[in-house]
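Hi,

Here is the structure I promised to pass on. Have a look at it first, and then read my notes below.

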Amino acid sequence: MNGRLMRAVVSDGAPLRILVDGVEVQAYTGDSLLVAVLAARNALRRHEFSNEMRAGFCLMGACQDCWVWLADGQRVRACTTVVAEGMHVVIAGVPGFPLP
Amino acid sequence: MTRVTIVGAGPAGIAAAHVLTAHGLSPVVIDEGLRPGGQIYRQPRPGLRLDIEALLGAEAENYRRTHATFANLKDRIDYRPRTLAWAIDDRTLHAIQGGAAATVDFDAIILATGATDRTLPIKGWTLPGVFTLGGAQVLLKEHGCLIGRRIVFCGSSPLLYLAAKQYRAMGAEIVAILDTTPLATKIAATGDLMAAPGTFWRGLGYMAALRRAGVAIHHGVQLRAFDGTAGVEAVRFRASRGEEITLPCDAVAVGFGLKPETQLAELAGVELRYDQVYRQWLPHADADGRCGGNVYVAGDGATVGGAQAAAVTGTLAARAVLEDFKIKVTGIDRARLRRQVARLRRFQRGLARAFAWPMDALRTLDDDVMVCRCEGVSAGELRASLRADFGPAEVNRLKAITRCGMGRCQGRFCALAAAELTAQTLRLPLEAVGRLRAQPPVKPLPLGINLVGNAAAAGLDGTSAPA
(Lines give C-alpha, C1' and ligand atoms only; values in the text may rest on other atoms or scores of the structure.)
Protein backbone atom coordinates (compact mmCIF):
# COMPACT_ATOMS: atom_id res chain seq x y z
CA MET A 1 0.00 0.00 0.00
CA ASN A 2 1.23 3.46 -0.86
CA GLY A 3 1.81 5.77 2.04
CA ARG A 4 0.46 9.26 2.41
CA LEU A 5 3.79 10.92 3.20
CA MET A 6 6.80 10.95 0.94
CA ARG A 7 10.32 10.71 2.28
CA ALA A 8 12.23 13.37 0.37
CA VAL A 9 15.67 12.59 1.79
CA VAL A 10 17.43 9.47 2.95
CA SER A 11 17.82 8.76 6.64
CA ASP A 12 20.96 7.29 8.14
CA GLY A 13 18.86 5.99 11.00
CA ALA A 14 18.94 2.22 11.38
CA PRO A 15 15.92 0.52 9.85
CA LEU A 16 13.46 -0.97 12.31
CA ARG A 17 10.13 -2.72 12.12
CA ILE A 18 6.80 -1.78 13.56
CA LEU A 19 3.45 -3.46 13.12
CA VAL A 20 0.32 -1.78 11.83
CA ASP A 21 -2.74 -3.97 12.36
CA GLY A 22 -0.42 -6.95 12.54
CA VAL A 23 1.38 -6.18 9.27
CA GLU A 24 5.07 -5.34 9.28
CA VAL A 25 6.00 -1.82 8.28
CA GLN A 26 9.53 -0.59 7.73
CA ALA A 27 10.53 2.52 9.70
CA TYR A 28 13.78 4.28 10.62
CA THR A 29 15.33 5.20 13.93
CA GLY A 30 14.36 8.80 14.63
CA ASP A 31 11.00 8.63 12.86
CA SER A 32 8.02 9.89 14.74
CA LEU A 33 5.31 7.27 14.98
CA LEU A 34 3.21 9.48 12.69
CA VAL A 35 5.91 9.50 10.02
CA ALA A 36 6.47 5.76 10.33
CA VAL A 37 2.79 4.90 9.91
CA LEU A 38 1.85 7.49 7.31
CA ALA A 39 4.88 6.69 5.14
CA ALA A 40 3.19 3.33 4.64
CA ARG A 41 -0.51 3.92 5.27
CA ASN A 42 -3.31 6.32 4.44
CA ALA A 43 -4.48 7.19 7.95
CA LEU A 44 -3.81 6.77 11.67
CA ARG A 45 -7.12 6.18 13.33
CA ARG A 46 -10.88 6.29 13.13
CA HIS A 47 -12.51 9.35 14.70
CA GLU A 48 -14.54 8.53 17.83
CA PHE A 49 -17.68 10.46 16.94
CA SER A 50 -17.95 9.84 13.23
CA ASN A 51 -16.83 7.16 10.85
CA GLU A 52 -14.06 9.36 9.45
CA MET A 53 -10.46 8.30 9.18
CA ARG A 54 -7.95 10.80 10.54
CA ALA A 55 -4.27 11.25 9.75
CA GLY A 56 -3.27 14.12 12.01
CA PHE A 57 -3.49 17.77 11.17
CA CYS A 58 -1.18 20.23 12.95
CA LEU A 59 1.91 17.97 13.12
CA MET A 60 3.21 19.91 16.16
CA GLY A 61 1.50 18.45 19.19
CA ALA A 62 -1.34 20.95 19.44
CA CYS A 63 -4.43 19.55 17.67
CA GLN A 64 -4.33 16.06 19.26
CA ASP A 65 -5.79 14.61 16.06
CA CYS A 66 -3.08 11.95 15.72
CA TRP A 67 -3.66 9.87 18.87
CA VAL A 68 -3.30 6.20 18.03
CA TRP A 69 -4.03 2.98 19.84
CA LEU A 70 -1.21 0.58 20.50
CA ALA A 71 -1.99 -3.13 20.74
CA ASP A 72 -1.05 -3.15 24.45
CA GLY A 73 -3.89 -0.72 25.18
CA GLN A 74 -1.90 2.51 25.41
CA ARG A 75 -2.84 5.52 23.40
CA VAL A 76 -0.07 7.87 22.27
CA ARG A 77 0.17 11.09 20.29
CA ALA A 78 1.82 9.91 17.09
CA CYS A 79 3.45 13.19 16.01
CA THR A 80 5.51 13.54 19.21
CA THR A 81 6.17 9.87 19.89
CA VAL A 82 9.52 8.52 18.75
CA VAL A 83 9.12 5.19 17.05
CA ALA A 84 10.61 2.07 18.65
CA GLU A 85 11.22 -1.43 17.33
CA GLY A 86 8.18 -3.64 17.62
CA MET A 87 5.59 -0.96 18.34
CA HIS A 88 2.20 -2.22 17.27
CA VAL A 89 -0.30 0.37 16.09
CA VAL A 90 -3.87 -0.76 15.88
CA ILE A 91 -5.97 1.21 13.44
CA ALA A 92 -8.70 -1.37 13.04
CA GLY A 93 -9.33 -1.65 16.79
CA VAL A 94 -8.18 -3.69 19.78
CA PRO A 95 -9.90 -7.08 20.15
CA GLY A 96 -12.37 -6.85 23.01
CA PHE A 97 -12.20 -3.05 22.94
CA PRO A 98 -14.31 -2.16 19.93
CA LEU A 99 -14.01 1.28 18.40
CA PRO A 100 -17.24 3.09 17.50
CA MET B 1 19.58 33.60 43.23
CA THR B 2 16.46 34.72 41.42
CA ARG B 3 14.65 31.66 40.13
CA VAL B 4 13.47 32.23 36.57
CA THR B 5 11.56 29.70 34.52
CA ILE B 6 11.24 29.99 30.76
CA VAL B 7 8.58 28.02 28.91
CA GLY B 8 9.55 27.36 25.30
CA ALA B 9 12.90 26.83 23.59
CA GLY B 10 12.22 28.59 20.31
CA PRO B 11 13.91 31.84 19.29
CA ALA B 12 12.22 33.85 22.08
CA GLY B 13 12.98 31.38 24.86
CA ILE B 14 16.57 30.90 23.74
CA ALA B 15 17.18 34.67 23.52
CA ALA B 16 15.75 35.11 27.02
CA ALA B 17 17.89 32.30 28.41
CA HIS B 18 20.95 33.87 26.77
CA VAL B 19 20.39 37.22 28.52
CA LEU B 20 19.74 35.61 31.89
CA THR B 21 22.80 33.35 31.78
CA ALA B 22 24.94 36.30 30.65
CA HIS B 23 23.89 38.00 33.90
CA GLY B 24 24.72 35.05 36.09
CA LEU B 25 21.29 33.45 36.41
CA SER B 26 20.55 29.82 35.69
CA PRO B 27 16.98 29.57 34.42
CA VAL B 28 14.89 26.43 34.09
CA VAL B 29 13.94 26.04 30.42
CA ILE B 30 10.90 23.84 29.87
CA ASP B 31 10.18 22.75 26.33
CA GLU B 32 7.76 20.27 24.86
CA GLY B 33 10.03 19.64 21.87
CA LEU B 34 12.57 16.89 21.57
CA ARG B 35 15.29 19.37 20.58
CA PRO B 36 15.54 23.16 20.93
CA GLY B 37 14.52 25.52 18.14
CA GLY B 38 10.75 25.71 18.45
CA GLN B 39 8.67 25.23 15.32
CA ILE B 40 10.42 27.80 13.16
CA TYR B 41 13.94 26.55 13.82
CA ARG B 42 13.18 22.84 14.13
CA GLN B 43 16.31 20.80 13.65
CA PRO B 44 16.49 17.80 11.38
CA ARG B 45 16.58 14.64 13.46
CA PRO B 46 20.05 13.12 13.82
CA GLY B 47 21.19 11.17 10.78
CA LEU B 48 18.83 12.81 8.32
CA ARG B 49 20.62 13.82 5.13
CA LEU B 50 18.79 17.13 4.88
CA ASP B 51 20.67 20.33 4.10
CA ILE B 52 18.57 22.45 6.43
CA GLU B 53 20.47 25.66 5.74
CA ALA B 54 19.94 25.33 1.99
CA LEU B 55 16.26 24.68 2.69
CA LEU B 56 15.93 27.73 4.96
CA GLY B 57 17.69 30.06 2.52
CA ALA B 58 17.51 33.61 3.88
CA GLU B 59 16.58 32.31 7.35
CA ALA B 60 19.65 30.06 7.60
CA GLU B 61 21.77 32.70 9.29
CA ASN B 62 19.22 33.21 12.08
CA TYR B 63 18.77 29.45 12.41
CA ARG B 64 22.51 28.97 12.81
CA ARG B 65 22.84 31.82 15.29
CA THR B 66 19.91 30.64 17.43
CA HIS B 67 21.29 27.11 17.71
CA ALA B 68 24.83 28.35 18.35
CA THR B 69 23.47 30.53 21.15
CA PHE B 70 21.71 27.57 22.67
CA ALA B 71 24.77 25.33 22.40
CA ASN B 72 26.77 27.95 24.30
CA LEU B 73 24.35 28.26 27.18
CA LYS B 74 22.96 24.76 27.58
CA ASP B 75 25.37 23.85 30.39
CA ARG B 76 24.33 26.90 32.38
CA ILE B 77 20.59 26.25 32.34
CA ASP B 78 18.33 23.54 33.65
CA TYR B 79 17.07 22.43 30.23
CA ARG B 80 14.10 20.09 30.25
CA PRO B 81 13.08 18.94 26.78
CA ARG B 82 10.03 16.74 26.14
CA THR B 83 8.39 18.36 29.11
CA LEU B 84 4.83 19.60 29.03
CA ALA B 85 3.98 22.65 31.15
CA TRP B 86 0.30 22.08 31.83
CA ALA B 87 -0.67 24.59 34.51
CA ILE B 88 0.55 27.57 36.47
CA ASP B 89 -0.71 28.13 39.96
CA ASP B 90 0.60 31.23 41.71
CA ARG B 91 4.43 30.84 41.60
CA THR B 92 4.44 27.17 40.72
CA LEU B 93 4.53 25.63 37.30
CA HIS B 94 3.14 22.13 36.86
CA ALA B 95 4.79 19.90 34.32
CA ILE B 96 5.12 16.32 33.27
CA GLN B 97 8.43 14.99 32.13
CA GLY B 98 9.08 11.43 31.09
CA GLY B 99 5.57 10.58 32.23
CA ALA B 100 6.24 11.77 35.79
CA ALA B 101 4.74 14.84 37.43
CA ALA B 102 7.07 17.68 38.40
CA THR B 103 6.60 21.13 39.85
CA VAL B 104 8.89 24.09 39.37
CA ASP B 105 8.76 27.02 41.79
CA PHE B 106 9.78 30.34 40.32
CA ASP B 107 10.21 33.99 41.21
CA ALA B 108 9.59 35.06 37.63
CA ILE B 109 8.34 33.23 34.57
CA ILE B 110 8.86 34.07 30.90
CA LEU B 111 6.26 32.49 28.66
CA ALA B 112 7.63 31.96 25.16
CA THR B 113 5.00 29.47 24.11
CA GLY B 114 4.84 30.26 20.40
CA ALA B 115 1.87 29.83 18.13
CA THR B 116 -0.01 27.34 16.00
CA ASP B 117 -1.65 27.82 12.60
CA ARG B 118 -4.88 29.76 12.56
CA THR B 119 -7.36 27.57 10.74
CA LEU B 120 -10.80 27.86 9.27
CA PRO B 121 -13.37 25.09 8.97
CA ILE B 122 -13.76 24.11 5.33
CA LYS B 123 -15.78 21.21 3.95
CA GLY B 124 -13.49 18.18 4.04
CA TRP B 125 -10.80 19.72 6.26
CA THR B 126 -10.73 16.60 8.46
CA LEU B 127 -9.83 14.29 5.55
CA PRO B 128 -6.49 12.46 5.71
CA GLY B 129 -4.00 14.46 3.69
CA VAL B 130 -5.15 17.89 4.83
CA PHE B 131 -2.51 19.35 7.13
CA THR B 132 -1.72 22.76 8.52
CA LEU B 133 0.74 24.89 6.61
CA GLY B 134 3.06 25.20 9.60
CA GLY B 135 2.83 21.47 10.15
CA ALA B 136 3.83 20.81 6.55
CA GLN B 137 7.00 22.84 7.14
CA VAL B 138 7.76 21.17 10.47
CA LEU B 139 7.48 17.72 8.88
CA LEU B 140 9.94 18.73 6.18
CA LYS B 141 12.46 20.34 8.55
CA GLU B 142 12.49 17.61 11.17
CA HIS B 143 11.87 14.48 9.13
CA GLY B 144 12.68 15.42 5.54
CA CYS B 145 9.16 14.26 4.68
CA LEU B 146 6.59 15.80 2.37
CA ILE B 147 2.88 15.72 3.22
CA GLY B 148 2.18 14.20 -0.21
CA ARG B 149 3.30 14.23 -3.80
CA ARG B 150 0.88 16.61 -5.56
CA ILE B 151 0.08 19.40 -3.18
CA VAL B 152 -2.22 22.41 -3.05
CA PHE B 153 -1.07 25.20 -0.72
CA CYS B 154 -4.04 27.30 0.33
CA GLY B 155 -5.34 29.78 2.85
CA SER B 156 -3.90 33.20 3.38
CA SER B 157 -0.39 33.54 4.68
CA PRO B 158 3.00 34.69 3.47
CA LEU B 159 4.21 31.21 4.42
CA LEU B 160 2.19 29.75 1.52
CA TYR B 161 4.87 30.99 -0.85
CA LEU B 162 7.84 30.08 1.31
CA ALA B 163 6.51 26.58 2.06
CA ALA B 164 5.64 25.97 -1.59
CA LYS B 165 9.12 27.04 -2.62
CA GLN B 166 10.69 24.69 -0.04
CA TYR B 167 8.43 21.80 -1.01
CA ARG B 168 9.15 22.33 -4.68
CA ALA B 169 12.89 22.30 -4.02
CA MET B 170 12.47 18.95 -2.26
CA GLY B 171 10.66 17.33 -5.17
CA ALA B 172 6.96 17.94 -4.57
CA GLU B 173 4.63 18.90 -7.38
CA ILE B 174 2.95 22.18 -6.43
CA VAL B 175 -0.50 21.92 -8.00
CA ALA B 176 -1.42 25.52 -7.13
CA ILE B 177 -1.28 28.22 -4.51
CA LEU B 178 -4.74 29.44 -3.58
CA ASP B 179 -4.67 32.65 -1.59
CA THR B 180 -8.02 33.83 -0.24
CA THR B 181 -7.01 37.49 0.04
CA PRO B 182 -7.57 39.60 -3.10
CA LEU B 183 -4.53 41.21 -4.68
CA ALA B 184 -5.97 44.71 -4.18
CA THR B 185 -6.11 44.15 -0.40
CA LYS B 186 -2.47 43.12 -0.47
CA ILE B 187 -1.44 46.20 -2.38
CA ALA B 188 -3.32 48.38 0.12
CA ALA B 189 -1.17 46.95 2.95
CA THR B 190 2.12 47.86 1.26
CA GLY B 191 2.67 50.86 3.53
CA ASP B 192 2.99 48.79 6.71
CA LEU B 193 4.86 46.06 4.86
CA MET B 194 7.60 48.51 4.01
CA ALA B 195 8.45 48.51 7.73
CA ALA B 196 10.55 45.45 6.84
CA PRO B 197 11.48 46.06 3.20
CA GLY B 198 13.95 43.16 3.03
CA THR B 199 11.31 40.61 4.05
CA PHE B 200 8.76 42.29 1.80
CA TRP B 201 10.93 42.07 -1.31
CA ARG B 202 11.98 38.52 -0.45
CA GLY B 203 8.31 37.51 -0.29
CA LEU B 204 7.64 39.04 -3.70
CA GLY B 205 10.71 37.24 -4.97
CA TYR B 206 9.30 33.87 -3.83
CA MET B 207 6.05 34.63 -5.66
CA ALA B 208 7.88 35.60 -8.83
CA ALA B 209 10.10 32.51 -8.71
CA LEU B 210 7.09 30.22 -8.28
CA ARG B 211 5.34 31.89 -11.20
CA ARG B 212 8.44 31.53 -13.36
CA ALA B 213 8.48 27.84 -12.47
CA GLY B 214 4.95 27.58 -13.80
CA VAL B 215 3.14 27.26 -10.45
CA ALA B 216 -0.41 28.58 -10.69
CA ILE B 217 -1.11 31.30 -8.10
CA HIS B 218 -4.68 32.47 -7.56
CA HIS B 219 -5.52 35.45 -5.35
CA GLY B 220 -8.93 36.28 -3.94
CA VAL B 221 -10.29 32.74 -4.11
CA GLN B 222 -13.08 31.25 -2.02
CA LEU B 223 -12.19 27.76 -0.83
CA ARG B 224 -15.27 25.58 -1.37
CA ALA B 225 -14.20 22.10 -0.33
CA PHE B 226 -11.50 19.53 0.05
CA ASP B 227 -13.06 16.58 -1.77
CA GLY B 228 -12.28 12.90 -1.37
CA THR B 229 -13.38 9.69 0.32
CA ALA B 230 -10.50 7.85 2.02
CA GLY B 231 -8.37 11.00 1.83
CA VAL B 232 -8.21 14.30 0.03
CA GLU B 233 -8.37 13.94 -3.77
CA ALA B 234 -9.13 17.47 -4.96
CA VAL B 235 -9.57 21.08 -3.90
CA ARG B 236 -12.62 22.93 -5.16
CA PHE B 237 -12.56 26.73 -5.20
CA ARG B 238 -14.20 29.75 -6.74
CA ALA B 239 -11.68 31.91 -8.54
CA SER B 240 -11.79 35.69 -8.30
CA ARG B 241 -13.60 35.94 -11.65
CA GLY B 242 -16.33 33.66 -10.40
CA GLU B 243 -15.64 30.35 -12.10
CA GLU B 244 -15.59 27.12 -10.07
CA ILE B 245 -12.35 25.18 -10.44
CA THR B 246 -11.46 21.70 -9.19
CA LEU B 247 -7.81 20.74 -8.86
CA PRO B 248 -6.86 17.09 -8.26
CA CYS B 249 -4.17 16.60 -5.60
CA ASP B 250 -3.15 14.12 -2.89
CA ALA B 251 -2.37 16.58 -0.11
CA VAL B 252 -3.34 20.04 1.09
CA ALA B 253 -1.45 22.48 3.30
CA VAL B 254 -3.79 25.10 4.72
CA GLY B 255 -3.20 28.04 7.02
CA PHE B 256 -4.45 31.54 7.73
CA GLY B 257 -1.65 33.09 9.72
CA LEU B 258 -0.91 32.22 13.32
CA LYS B 259 -2.73 31.91 16.62
CA PRO B 260 -0.69 32.59 19.77
CA GLU B 261 -0.62 29.89 22.47
CA THR B 262 -1.96 32.03 25.30
CA GLN B 263 -3.32 29.31 27.60
CA LEU B 264 -0.51 29.35 30.17
CA ALA B 265 -0.46 33.15 30.29
CA GLU B 266 -4.16 33.12 31.03
CA LEU B 267 -3.74 30.51 33.77
CA ALA B 268 -0.95 32.65 35.25
CA GLY B 269 -3.46 35.46 35.63
CA VAL B 270 -2.46 37.60 32.66
CA GLU B 271 -5.23 39.77 31.30
CA LEU B 272 -6.15 39.02 27.68
CA ARG B 273 -7.33 41.89 25.53
CA TYR B 274 -9.14 41.82 22.24
CA ASP B 275 -7.07 42.91 19.26
CA GLN B 276 -8.99 44.43 16.37
CA VAL B 277 -6.44 43.66 13.63
CA TYR B 278 -5.86 40.00 14.51
CA ARG B 279 -9.43 39.47 15.78
CA GLN B 280 -7.89 37.48 18.64
CA TRP B 281 -7.43 37.90 22.39
CA LEU B 282 -3.81 38.55 23.30
CA PRO B 283 -1.89 38.82 26.58
CA HIS B 284 -1.71 42.39 27.80
CA ALA B 285 1.90 43.40 28.41
CA ASP B 286 4.03 46.52 28.40
CA ALA B 287 6.60 47.24 25.67
CA ASP B 288 9.04 44.76 27.23
CA GLY B 289 6.59 41.91 27.75
CA ARG B 290 5.88 42.60 31.42
CA CYS B 291 2.39 41.43 32.38
CA GLY B 292 2.52 42.02 36.13
CA GLY B 293 2.62 39.39 38.85
CA ASN B 294 6.17 38.39 37.79
CA VAL B 295 4.85 37.01 34.52
CA TYR B 296 6.48 38.01 31.24
CA VAL B 297 5.58 37.08 27.67
CA ALA B 298 7.75 36.97 24.57
CA GLY B 299 7.68 35.77 20.99
CA ASP B 300 4.68 34.76 18.91
CA GLY B 301 2.90 33.55 22.05
CA ALA B 302 2.66 37.20 23.09
CA THR B 303 1.79 38.80 19.75
CA VAL B 304 2.58 37.34 16.37
CA GLY B 305 5.74 39.04 15.17
CA GLY B 306 7.82 36.39 13.46
CA ALA B 307 11.11 34.76 14.45
CA GLN B 308 13.20 37.94 14.44
CA ALA B 309 10.76 39.77 16.68
CA ALA B 310 10.61 36.68 18.89
CA ALA B 311 14.33 36.84 19.60
CA VAL B 312 14.18 40.57 20.33
CA THR B 313 11.14 40.28 22.59
CA GLY B 314 12.82 37.39 24.41
CA THR B 315 15.78 39.65 25.07
CA LEU B 316 13.54 42.48 26.27
CA ALA B 317 11.51 40.22 28.57
CA ALA B 318 14.66 38.82 30.16
CA ARG B 319 16.01 42.34 30.56
CA ALA B 320 12.75 43.33 32.27
CA VAL B 321 13.15 40.42 34.71
CA LEU B 322 16.69 41.57 35.55
CA GLU B 323 15.52 45.12 36.06
CA ASP B 324 12.57 44.09 38.24
CA PHE B 325 14.81 41.94 40.42
CA LYS B 326 17.43 44.70 40.75
CA ILE B 327 20.12 42.89 38.82
CA LYS B 328 22.49 45.25 37.03
CA VAL B 329 21.95 45.03 33.25
CA THR B 330 24.82 45.40 30.82
CA GLY B 331 25.10 45.29 27.06
CA ILE B 332 21.45 45.66 26.08
CA ASP B 333 20.29 48.74 24.18
CA ARG B 334 16.68 48.71 25.21
CA ALA B 335 15.59 51.72 23.17
CA ARG B 336 16.98 50.23 19.99
CA LEU B 337 15.38 46.84 20.65
CA ARG B 338 12.02 48.44 21.38
CA ARG B 339 12.17 50.33 18.08
CA GLN B 340 13.03 47.09 16.32
CA VAL B 341 10.06 45.26 17.86
CA ALA B 342 7.71 48.12 17.02
CA ARG B 343 8.90 48.03 13.41
CA LEU B 344 8.61 44.24 13.10
CA ARG B 345 5.16 44.24 14.67
CA ARG B 346 4.03 46.97 12.31
CA PHE B 347 5.20 44.72 9.49
CA GLN B 348 3.21 41.82 10.96
CA ARG B 349 0.11 43.98 11.19
CA GLY B 350 0.64 44.78 7.53
CA LEU B 351 0.83 41.04 6.89
CA ALA B 352 -2.35 40.47 8.89
CA ARG B 353 -4.10 42.82 6.46
CA ALA B 354 -2.37 41.56 3.32
CA PHE B 355 -3.21 37.98 4.33
CA ALA B 356 -6.58 38.49 5.94
CA TRP B 357 -8.55 36.05 8.06
CA PRO B 358 -11.55 35.39 5.76
CA MET B 359 -14.18 35.21 8.48
CA ASP B 360 -16.89 36.07 5.94
CA ALA B 361 -16.39 32.57 4.52
CA LEU B 362 -18.08 31.33 7.69
CA ARG B 363 -21.32 33.07 6.70
CA THR B 364 -21.71 30.73 3.76
CA LEU B 365 -20.29 27.67 5.50
CA ASP B 366 -22.60 24.70 4.97
CA ASP B 367 -24.38 23.43 8.08
CA ASP B 368 -22.89 19.95 7.72
CA VAL B 369 -19.24 21.09 7.97
CA MET B 370 -17.49 20.08 11.18
CA VAL B 371 -16.26 23.12 13.11
CA CYS B 372 -14.93 21.22 16.14
CA ARG B 373 -12.70 18.45 14.81
CA CYS B 374 -12.29 16.73 18.18
CA GLU B 375 -15.91 16.43 19.24
CA GLY B 376 -17.39 16.39 15.75
CA VAL B 377 -19.64 19.43 16.15
CA SER B 378 -21.01 20.90 12.93
CA ALA B 379 -21.72 24.50 11.94
CA GLY B 380 -25.40 23.63 11.80
CA GLU B 381 -25.41 22.35 15.38
CA LEU B 382 -23.75 25.56 16.55
CA ARG B 383 -26.18 27.76 14.64
CA ALA B 384 -29.20 25.79 15.90
CA SER B 385 -27.98 26.12 19.47
CA LEU B 386 -27.37 29.85 19.08
CA ARG B 387 -30.79 30.46 17.51
CA ALA B 388 -32.73 28.48 20.09
CA ASP B 389 -34.82 30.30 22.70
CA PHE B 390 -32.60 31.18 25.65
CA GLY B 391 -29.63 30.08 23.54
CA PRO B 392 -26.07 30.97 24.50
CA ALA B 393 -24.87 34.56 24.00
CA GLU B 394 -21.17 33.84 24.50
CA VAL B 395 -18.79 31.09 23.54
CA ASN B 396 -18.19 29.33 26.88
CA ARG B 397 -21.93 28.72 27.17
CA LEU B 398 -21.96 27.54 23.57
CA LYS B 399 -19.20 25.10 24.49
CA ALA B 400 -21.16 23.81 27.49
CA ILE B 401 -24.21 23.13 25.33
CA THR B 402 -22.64 21.80 22.13
CA ARG B 403 -19.23 20.46 23.32
CA CYS B 404 -17.55 22.62 20.64
CA GLY B 405 -14.07 23.33 22.03
CA MET B 406 -14.36 20.70 24.75
CA GLY B 407 -12.22 18.07 23.04
CA ARG B 408 -8.58 17.15 23.33
CA CYS B 409 -7.26 20.23 21.52
CA GLN B 410 -9.09 22.47 24.02
CA GLY B 411 -10.48 24.67 21.30
CA ARG B 412 -7.14 25.53 19.73
CA PHE B 413 -8.45 24.78 16.24
CA CYS B 414 -12.14 25.69 16.51
CA ALA B 415 -12.44 28.51 19.04
CA LEU B 416 -11.83 31.39 16.62
CA ALA B 417 -14.31 30.05 14.09
CA ALA B 418 -16.87 29.27 16.80
CA ALA B 419 -16.57 32.83 18.10
CA GLU B 420 -16.96 34.32 14.62
CA LEU B 421 -20.00 32.09 13.96
CA THR B 422 -21.49 33.16 17.27
CA ALA B 423 -20.96 36.84 16.51
CA GLN B 424 -22.39 36.47 13.00
CA THR B 425 -25.42 34.45 14.08
CA LEU B 426 -26.26 36.75 16.99
CA ARG B 427 -25.25 39.91 15.10
CA LEU B 428 -22.87 40.96 17.83
CA PRO B 429 -19.36 42.37 17.59
CA LEU B 430 -16.75 39.62 17.92
CA GLU B 431 -15.38 40.94 21.18
CA ALA B 432 -18.84 40.81 22.74
CA VAL B 433 -19.12 37.01 22.46
CA GLY B 434 -16.01 36.41 24.56
CA ARG B 435 -13.36 33.74 24.15
CA LEU B 436 -13.02 30.19 25.35
CA ARG B 437 -11.37 30.21 28.77
CA ALA B 438 -8.16 28.25 29.18
CA GLN B 439 -8.42 25.23 31.47
CA PRO B 440 -5.70 23.20 33.12
CA PRO B 441 -4.35 20.84 31.92
CA VAL B 442 -3.69 22.84 28.75
CA LYS B 443 -3.00 19.57 26.93
CA PRO B 444 -4.10 15.99 27.71
CA LEU B 445 -2.27 14.31 30.61
CA PRO B 446 -1.85 10.58 31.20
CA LEU B 447 -4.16 9.22 33.87
CA GLY B 448 -1.36 7.36 35.60
CA ILE B 449 1.25 10.08 36.12
CA ASN B 450 1.32 10.19 39.89
CA LEU B 451 0.53 6.56 40.39
CA VAL B 452 3.06 5.09 38.04
CA GLY B 453 5.60 7.75 37.28
CA ASN B 454 7.43 6.12 34.45
CA ALA B 455 7.41 6.78 30.76
CA ALA B 456 6.67 3.25 29.69
CA ALA B 457 3.36 3.20 31.50
CA ALA B 458 2.36 6.78 30.92
CA GLY B 459 2.69 7.27 27.21
CA LEU B 460 5.72 6.73 25.08
CA ASP B 461 6.30 10.32 24.10
CA GLY B 462 6.73 11.06 27.77
CA THR B 463 4.89 14.37 27.63
CA SER B 464 1.34 13.25 27.38
CA ALA B 465 -1.24 10.54 27.03
CA PRO B 466 -4.97 10.55 26.66
CA ALA B 467 -7.07 12.20 29.33
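Predicted model: local features only at pLDDT ≥ 70, side-chain atom pairs only at ≥ 80, totals over all residues.

Helix 12 (residues 379-387) of chain B packs against helix 14 (residues 415-426) of chain B at an angle of about 45 degrees, and their axes are 10 Å apart. Angles from 65 to 115 degrees would be roughly perpendicular and those under 35 roughly parallel; helix 12 and helix 14 of chain B are therefore oblique to each other. Their crossing is right-handed. Which residues make the contact? From helix 12 of chain B they are B:Ala379, B:Leu382, B:Arg383, B:Leu386 and B:Arg387, and helix 14 of chain B brings B:Ala418, B:Leu421, B:Thr422, B:Thr425 and B:Leu426. Sorted by class, that makes 6 nonpolar, 2 polar and 2 charged residues.

Next, the domains. Chain B is assigned domain 1 (4-116 + 259-332), domain 2 (119-256) and domain 3 (365-428). Taken over C-alpha atoms, the centres of domain 1 and domain 2 of chain B are 29 Å apart. Where these two touch, domain 1 of chain B gives 10 residues and domain 2 of chain B gives 9. The domain 1 side of that contact has 6 nonpolar, 2 polar and 2 charged residues.

Now for the place where the two chains meet. Chain A puts in 39 residues and chain B 47. On the chain A side, strand 1 (6-7), strand 5 (53-54) and strand 7 (75-77) each supply at least two residues, with the largest share, 3 residues, coming from strand 7 of chain A. That side divides into 18 nonpolar, 12 polar and 9 charged residues. Strand 1 of chain A also pairs with strand 10 (residues 145-146) of chain B, antiparallel and over 2 bridges. One residue pair to find there is A:Arg7 with its bridge partner B:Cys145.

Last, a sheet in chain A. It is open, has 5 strands in the order 3-2-8-6-7, and its pairing is mixed. Strand 3 (23-28) and strand 7 of chain A sit at the edges with a single partner strand each, so one side of each has no neighbour in the sheet. From one strand to the next, the twist averages 40 degrees. Inside the sheet, strand 2 (residues 15-20) and strand 8 (residues 88-90) of chain A run parallel, joined by 2 bridges, and A:Leu19 has A:His88 as its bridge partner.

Cheers

Conventions. Residues numbered from 1 in each chain as written. Chains lettered and ligands numbered in written order. Axes fitted to C-alpha atoms, helices over the stretch in contact; angles between N-to-C directions. Helix = DSSP H or I, 4+ residues; strand = E, 2+ residues; numbered from the N terminus. Parallel < 35°, antiparallel > 145°, perpendicular 65-115°, else oblique. Left-handed = near helix turned anticlockwise from the far one by under 90°. Contact = placed C-beta atoms within 7 Å. Nonpolar A, V, L, I, M, F, W, Y, C, P; charged D, E, K, R; others polar. Domains from an automatic or database assignment. Pairing = 2+ DSSP bridges.
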